[in-house]
Each structure stands twice: as C-alpha cells, then as structure tokens.
Amino acid sequence: MRTKGKNELICISNMENINAVLIEDGISQKERLIQLNKIAIHQMSILEE
C-alpha cells in the first residue's frame with residue numbers, strides 16, 4: 001500500500017476514535033465536525049512530513 005493510503009487510514013481511524021469520545025462528552029454534531037476537520041488537517045500534515 002502506498003504511504004499516502006496508509007496515512008489516510010491512520011487518520012480515519014484516529015477520527016473515528018476521537019469522534020466517539022466527543023459523542024460521549026455530549027459535543028454537538030456541528031462542533032464535532034469543526035473539531036474533527038481541524039484535527040484531521042493537522043494529523044495529515046504531520047503524517048505527510
């Protein structure tokens with residue numbers, strides 16, 4: 001598998017876990033989307049370095 005594909009899978013897995021925590025914390029869907037988007041962008045930038 002290409003490195004980019006692996007990085008995307010790592011990021012998606014992390015987002016699923018973070019989303020579950022945010023749901024447990026009672027964060028609204030809109031706020032979760034905003035937070036997850038920021039985190040995903042940050043993680044992908046780190047993974048692609």
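Author: Let us begin with helix length. The expected span of a helix is 1.5 Å times one less than its number of residues. H2 has 19 residues and reaches 26 Å from its first C-alpha to its last, close to the 27 Å expected at 1.5 Å a residue. This is a predicted model, in which local features need pLDDT of at least 70 and side-chain atom pairs count only at pLDDT 80 or more, while totals for chains, interfaces and linings use all residues. Residues are numbered from 1 along each chain as its sequence is written, and side-chain values use heavy atoms, with hydrogens and water left out.

Reader: How many helices and strands does the protein chain have?

Author: Helices (H or I, at least four residues) and strands (E, at least two) are DSSP runs, numbered from the N terminus. Here the protein chain has two helices and zero strands. Its C-alpha trace spans about 35 × 15 × 10 Å along the principal axes. For H1, residues 3-24, the 22 residues should span 32 Å, and the end C-alpha atoms are 32 Å apart, which agrees. After H1 comes Gly26, whose phi is positive, near 80°.

Reader: Which residues of H2 are buried?

Author: A residue is buried under 20% relative accessible area, exposed over 50%, and partly exposed in between (1.4 Å probe, protein chains only). In H2 the buried residues are Arg32, Leu36, Ala40, Gln43 and Met44. They lie on the same side of H2 because they cover an arc of only 95° around the axis, the arc being that of the directions from the helix axis to the C-beta atoms. The face of H2 turned away from its buried side carries the exposed residues Lys30, Lys38 and Ile41.

Reader: Which residues of H1 are buried?

Author: In H1, Gly5, Asn7, Cys11, Met15 and Leu22 are buried. Their arc around the axis is only 145°, which puts them on the same side of H1. Glu16 and Glu24 are exposed on the face turned away from that buried side. The buried residues of H1 pack against helix H2 (29-47), and H1 in turn is included in what covers the buried residues of H2. Of the 49 residues of the protein chain, 20% count as buried.

Reader: Which residues make up the largest nonpolar core?

Author: In soluble globular proteins, nonpolar side chains tend to be buried together. A nonpolar core is a set of buried Ala, Val, Leu, Ile, Met, Phe, Trp, Tyr and Cys residues joined through side-chain atoms within 4.5 Å. The largest one here has six residues: Cys11, Met15, Leu22, Leu36, Ala40 and Met44. H1 and H2 are the elements that give two or more residues to this core.

Reader: What do Cys11 and Asn7 touch?

Author: Contact means heavy atoms within 4.5 Å. Not counting residues up to four places away in sequence, Cys11 touches Ala40, Gln43, Met44 and Leu47. Asn7 is buried, with a relative accessible area of 8%. Leaving aside its neighbours within four places in sequence, Asn7 is in contact with Met44, Leu47 and Glu48.
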